[in-house]
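Here is a short report on a predicted model. Look over the sequence and the fold before reading on.

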Amino acid sequence: MSLAFMSLVIIGGLFVLLALGVEIAPAMGIVAGLGLLFFVDQPLDYFARSAFEIMNSFTFTAIPLFVFMGTIYANTGIVGGLFRGAEKLFGGLPGSLASAMIVANAIFGAISGSSLAATATFGRICFPEMEKAGYDARLSLGAIAISGTLSVLIPPSVILIVYGGWQDVSVARLFAGGVIPGVILALFFVITVTMMVLLNPRLAPEASVRKYTAREKMTAIWDLLPFLVVITLILGTIFTGVMTPTESASLGAFLSIVLALLFRKMTYRALKESMLSAVNISAMIAFVLFTARMLGQVFQYIGLTEATSAFMMNMGLGKYATLAIICVLYLILGCFFDSLSMLVLTLPFVAPIVKNMGFDLIWFGVLYVVLAEIGLVTPPFGLNLFVLKGVVPKYEITYIFAGVLPFLIPTAILLILMVLFPEIVLWLPRILYAR
């Protein structure tokens, strides 16, 4: 059978199943199973071996631990202290509540790694406060939705863990690579809010701005200190090499319980819901990973990955034009796939191209995460939009997306800066791991 026929059957079958409403993981598993039986001549026990290899990965063990850590903070509500502390620090800025929420979201991203948890948590905590203060609903909802994406960029990031394990790239270096772009993007979002309110003061009434004294601003340190200590311990142990990311995830999960107990927010129900969420999310991720690995193996056996790489390299477009095509492809796919599924589905094709063009895989991993952030807030399947719609049901998806649109400009600017100046991503990993 020809490569074209086999590719058409597999890829066409995948899209038919998706169009019929089958979830991405079962759809990949079905077409991979058919490909193994009819095109590769492999027994179906390959499913079991692939599943065992995924679950037996020491790198991927960090995922349920980081997810559990984020769900503890979300379910106990102790992240309210982040918002209160950031509000005191940014109290004098136009649109201070939105800016405080963005900064609190960035800090939460450094102790969570879950964009959906961040969006749900700050939607419940911050939107009522901004609504009561008279903030424009589109500004509030847009800022909450887009700042929730910081959790997939600022380490620890579940997507970066999956990417590192999938491509055999150091997760610690990927985490280091995401720090500076994450800080820059959070700063860009704050600047965007400030400029929008200065240009249109009706977005955030001046009467809602509260000026805090220097003494009150100092007390903000006490609100933020417990979370900054946790961040320092988690990332510090990773970057210094004292712990692996998986061991650091264990430390972070333990510290999340300790903090919840210290704040007297820990309950049996919160602990149970956090554990169940960690199990459910991790099982979903594992299912996607091993079905995608099997599908990738089928693509490799029939020669589709090599043919795609050769076709792109022989087009003669140049490395940056080819990169632009890949970025546009991800922006389009991000409207229809979640970031994890999109990553594992496309990496068998994209990774060889990126390697052959001479791009650094750490840099590309962080670039992918920024592209995936856009997919999280773009319809029709932007997950952050749906999560926020669930928290604030009186506003439609299109209304929330209208609030997100101004924040896509700084995200695009960051993408351009990362392409023009790769050291934005690579400088910190090189400094930390120069030895």
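Start with helix α16, residues 339-356. At 1.5 Å a residue, its 18 residues should span 26 Å. The end C-alpha atoms lie 24 Å apart, which agrees with that figure.

The helix is not straight throughout: α16 bends by about 65° at leucine 347. A proline, proline 348, follows within four residues. After α16 comes glycine 358, with a positive phi near 85°.

Is α16 enclosed or open? Of its 18 residues, 15 are buried, so the rest of the structure largely encloses α16.

Now the nonpolar core. The largest one holds 154 residues. Tyr73, Val162, Leu295, Trp363, Phe364 and Leu367 touch the most other members. Helix α17, residues 361-376, gives the most to this core, with 13 residues. In soluble globular proteins, nonpolar side chains tend to be buried together.

Two residues show their surroundings in detail. The table leaves out partners up to four places away in sequence for leucine 367, and neighbours within four places for serine 7.

| Residue | Contacts (heavy atoms within 4.5 Å) |
|---|---|
| Leucine 367 | Leu323, Cys327, Leu415, Met418, Val419 |
| Serine 7 | Gly12, Ile302, Leu304 |

Leucine 367 is one of the core members with the most touches to other members. Serine 7 sits in helix α1, residues 3-19. Is serine 7 buried or exposed? Its relative accessible area is 9%, and buried means under 20%, so serine 7 is buried.

Conventions: Residues are numbered from 1 along each chain as its sequence is written. This is a predicted model: local features need pLDDT of at least 70, side-chain atom pairs count only at pLDDT 80 or more; totals for chains, interfaces and linings use all residues. Side-chain values use heavy atoms; hydrogens and water are left out. Helices (H or I, at least four residues) and strands (E, at least two) are DSSP runs, numbered from the N terminus. The expected span of a helix is 1.5 Å times one less than its number of residues. The bend at a residue is the angle between axes fitted to the seven residues ending there and the seven starting there. Buried means under 20% relative accessible area, exposed over 50%, partly exposed in between (1.4 Å probe, protein chains only). A nonpolar core is a set of buried Ala, Val, Leu, Ile, Met, Phe, Trp, Tyr and Cys residues joined through side-chain atoms within 4.5 Å. Contact means heavy atoms within 4.5 Å.
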